[in-house]
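Have the sequence and the 3D view open as you read.

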Amino acid sequence: QVHLVESGGRLVQAGDSLRLSCAAPGSPSSFYVMGWFRQRPGKEREFVAAVWGPGGSTWYEASVKGRFTISRVSTENTMSLQMNSLISQDTAVYYCAAATSSRSASVVSESSRYEYWGQGTQVTVSA
(Lines give C-alpha, C1' and ligand atoms only; values in the text may rest on other atoms or scores of the structure.)
Protein backbone atom coordinates (compact mmCIF):
# COMPACT_ATOMS: atom_id res chain seq x y z
CA GLN A 1 0.00 0.00 0.00
CA VAL A 2 1.44 3.33 -1.09
CA HIS A 3 0.60 6.32 1.05
CA LEU A 4 1.94 9.79 0.28
CA VAL A 5 2.16 12.32 3.09
CA GLU A 6 2.73 16.02 2.56
CA SER A 7 3.93 18.42 5.22
CA GLY A 8 5.13 21.99 5.61
CA GLY A 9 2.12 24.02 4.59
CA ARG A 10 1.21 27.03 6.70
CA LEU A 11 0.33 30.73 6.67
CA VAL A 12 3.13 33.00 5.45
CA GLN A 13 3.48 36.56 4.21
CA ALA A 14 4.13 37.63 0.63
CA GLY A 15 7.83 37.47 -0.11
CA ASP A 16 8.46 34.69 2.40
CA SER A 17 9.89 31.25 1.67
CA LEU A 18 8.42 27.87 2.53
CA ARG A 19 9.52 24.28 2.05
CA LEU A 20 7.03 21.49 1.44
CA SER A 21 7.95 17.85 1.86
CA CYS A 22 6.44 14.62 0.63
CA ALA A 23 7.20 11.18 1.98
CA ALA A 24 5.97 7.66 1.34
CA PRO A 25 6.62 5.83 4.58
CA GLY A 26 6.79 2.09 4.20
CA SER A 27 6.20 2.21 0.47
CA PRO A 28 7.24 -1.02 -1.27
CA SER A 29 7.59 0.83 -4.59
CA SER A 30 10.29 2.98 -6.10
CA PHE A 31 8.88 6.02 -7.86
CA TYR A 32 10.01 6.96 -11.34
CA VAL A 33 8.35 10.37 -11.31
CA MET A 34 7.15 12.60 -8.48
CA GLY A 35 5.31 15.86 -8.81
CA TRP A 36 3.53 18.69 -7.09
CA PHE A 37 0.11 19.96 -8.05
CA ARG A 38 -1.99 22.65 -6.42
CA GLN A 39 -5.59 23.70 -6.26
CA ARG A 40 -6.21 27.38 -5.76
CA PRO A 41 -9.54 28.59 -4.35
CA GLY A 42 -12.26 28.22 -6.95
CA LYS A 43 -9.86 26.75 -9.52
CA GLU A 44 -9.10 23.36 -11.00
CA ARG A 45 -6.09 21.43 -9.78
CA GLU A 46 -3.00 22.47 -11.74
CA PHE A 47 0.53 21.28 -12.27
CA VAL A 48 3.37 22.96 -10.36
CA ALA A 49 6.55 20.93 -10.79
CA ALA A 50 7.86 17.43 -11.41
CA VAL A 51 11.08 15.48 -11.09
CA TRP A 52 11.73 12.18 -12.83
CA GLY A 53 14.19 9.56 -13.97
CA PRO A 54 17.60 8.54 -12.63
CA GLY A 55 19.05 11.88 -13.70
CA GLY A 56 16.46 13.90 -11.81
CA SER A 57 15.07 15.84 -14.75
CA THR A 58 12.72 18.64 -13.72
CA TRP A 59 9.88 20.65 -15.21
CA TYR A 60 8.07 23.68 -13.83
CA GLU A 61 4.88 25.52 -14.51
CA ALA A 62 5.73 28.92 -15.97
CA SER A 63 4.51 31.05 -13.07
CA VAL A 64 6.70 29.26 -10.52
CA LYS A 65 9.84 28.80 -12.59
CA GLY A 66 12.72 30.63 -10.98
CA ARG A 67 10.92 30.82 -7.63
CA PHE A 68 10.25 27.16 -6.82
CA THR A 69 12.76 24.30 -6.76
CA ILE A 70 11.78 20.65 -6.71
CA SER A 71 14.15 17.98 -5.43
CA ARG A 72 14.02 14.35 -4.43
CA VAL A 73 15.94 11.61 -2.71
CA SER A 74 15.16 8.62 -4.89
CA THR A 75 16.45 6.02 -2.48
CA GLU A 76 14.09 7.29 0.18
CA ASN A 77 11.07 8.11 -2.02
CA THR A 78 10.98 11.62 -0.60
CA MET A 79 10.53 14.90 -2.38
CA SER A 80 10.63 18.59 -1.47
CA LEU A 81 9.42 21.83 -2.97
CA GLN A 82 11.35 24.93 -1.97
CA MET A 83 9.14 27.92 -2.58
CA ASN A 84 10.69 31.40 -2.56
CA SER A 85 9.27 34.86 -3.18
CA LEU A 86 5.77 33.65 -2.44
CA ILE A 87 2.86 35.70 -3.71
CA SER A 88 -0.84 35.65 -2.86
CA GLN A 89 -1.58 33.73 -6.06
CA ASP A 90 0.43 30.82 -4.63
CA THR A 91 -2.27 30.29 -2.01
CA ALA A 92 -3.57 26.77 -2.58
CA VAL A 93 -3.74 23.23 -1.33
CA TYR A 94 -0.56 21.54 -2.55
CA TYR A 95 -0.65 17.87 -3.47
CA CYS A 96 2.18 15.40 -3.83
CA ALA A 97 1.86 12.81 -6.58
CA ALA A 98 3.95 9.87 -7.69
CA ALA A 99 4.14 7.12 -10.28
CA THR A 100 6.24 3.99 -10.55
CA SER A 101 6.00 3.50 -14.28
CA SER A 102 8.58 4.99 -16.62
CA ARG A 103 6.20 4.70 -19.54
CA SER A 104 2.95 6.58 -19.90
CA ALA A 105 0.76 8.14 -22.54
CA SER A 106 0.63 11.25 -20.35
CA VAL A 107 3.35 13.82 -19.73
CA VAL A 108 4.57 14.79 -16.28
CA SER A 109 2.41 17.91 -16.18
CA GLU A 110 -0.79 15.90 -16.54
CA SER A 111 -2.50 14.51 -13.46
CA SER A 112 -3.25 11.30 -15.34
CA ARG A 113 0.49 10.56 -15.32
CA TYR A 114 0.38 9.80 -11.61
CA GLU A 115 -0.81 6.71 -9.75
CA TYR A 116 -0.62 7.93 -6.18
CA TRP A 117 -1.71 11.13 -4.48
CA GLY A 118 -1.38 12.66 -1.04
CA GLN A 119 -4.12 14.37 0.94
CA GLY A 120 -2.70 17.83 0.42
CA THR A 121 -1.21 20.56 2.59
CA GLN A 122 -2.58 24.12 2.78
CA VAL A 123 -0.34 27.03 1.87
CA THR A 124 -1.74 30.49 2.52
CA VAL A 125 0.15 33.59 1.46
CA SER A 126 -1.10 36.85 2.92
CA ALA A 127 -0.58 40.00 0.89
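Predicted model: local features only at pLDDT ≥ 70, side-chain atom pairs only at ≥ 80, totals over all residues.

**Aromatic pairs**

How many aromatic pairs does the count come to? The answer is 5. A pair of aromatic rings is described by the distance of the centres and the angle of the planes. Two of these pairs are laid out here:

| Pair | Centre to centre | Angle between planes | Class |
|---|---|---|---|
| Phe31 and Tyr116 | 6.1 Å | 50 degrees | tilted |
| Tyr114 and Trp117 | 6.0 Å | 70 degrees | edge-to-face |

Why is the pair of Phe31 and Tyr116 called tilted? Stacked needs planes under 30 degrees apart and edge-to-face needs over 60, so with its planes at 50 degrees this pair falls into the remaining class, tilted.

Phe31 belongs to the loop between strand 3 (18-23) and strand 4 (33-39), while Tyr116 is part of strand 10 (residues 116-117), so their contact ties together parts that are 85 residues apart in sequence. As for accessibility, Phe31 is buried at a relative accessible area of 4%, whereas Tyr116 comes out as partly exposed at 23%.

Tyr114 is buried, with a relative accessible area of 7%, and Trp117 counts as partly exposed at 24% relative accessibility. Tyr114 and Trp117 also belong to a cluster linked by ring pairs, together with Phe37 and Phe47.

**Arg45 and its rings**

Which rings does Arg45 lie over? One is Tyr95: the charged end of Arg45 sits over that ring, 6.0 Å from its centre. Another is Trp117, where Arg45 lies over the face at 3.9 Å from the ring centre.

**The disulfide**

On the sulfur side, the count comes to 1 disulfide. It joins Cys22 to Cys96, with an S to S distance of 1.8 Å. The angle about the S-S bond is -65 degrees, and the link of Cys22 and Cys96 is left-handed. Cys22 sits in strand 3 and Cys96 in strand 9 (residues 92-99), so this link joins distant parts of the chain, 74 residues apart. Buried or exposed? Both Cys22 and Cys96 are buried.

Terms used:
Residues numbered from 1 in each chain as written. Heavy atoms only, no water. Phe/Tyr/Trp six-rings, centres within 6.5 Å; stacked < 30°, edge-to-face > 60°. Helix = DSSP H or I, 4+ residues; strand = E, 2+ residues; numbered from the N terminus. Buried < 20%, exposed > 50% of the residue type's maximum accessible area, 1.4 Å probe, protein only. Lys NZ or Arg CZ within 6 Å of the ring centre and 35° of its normal. Disulfide = S-S within 2.5 Å.
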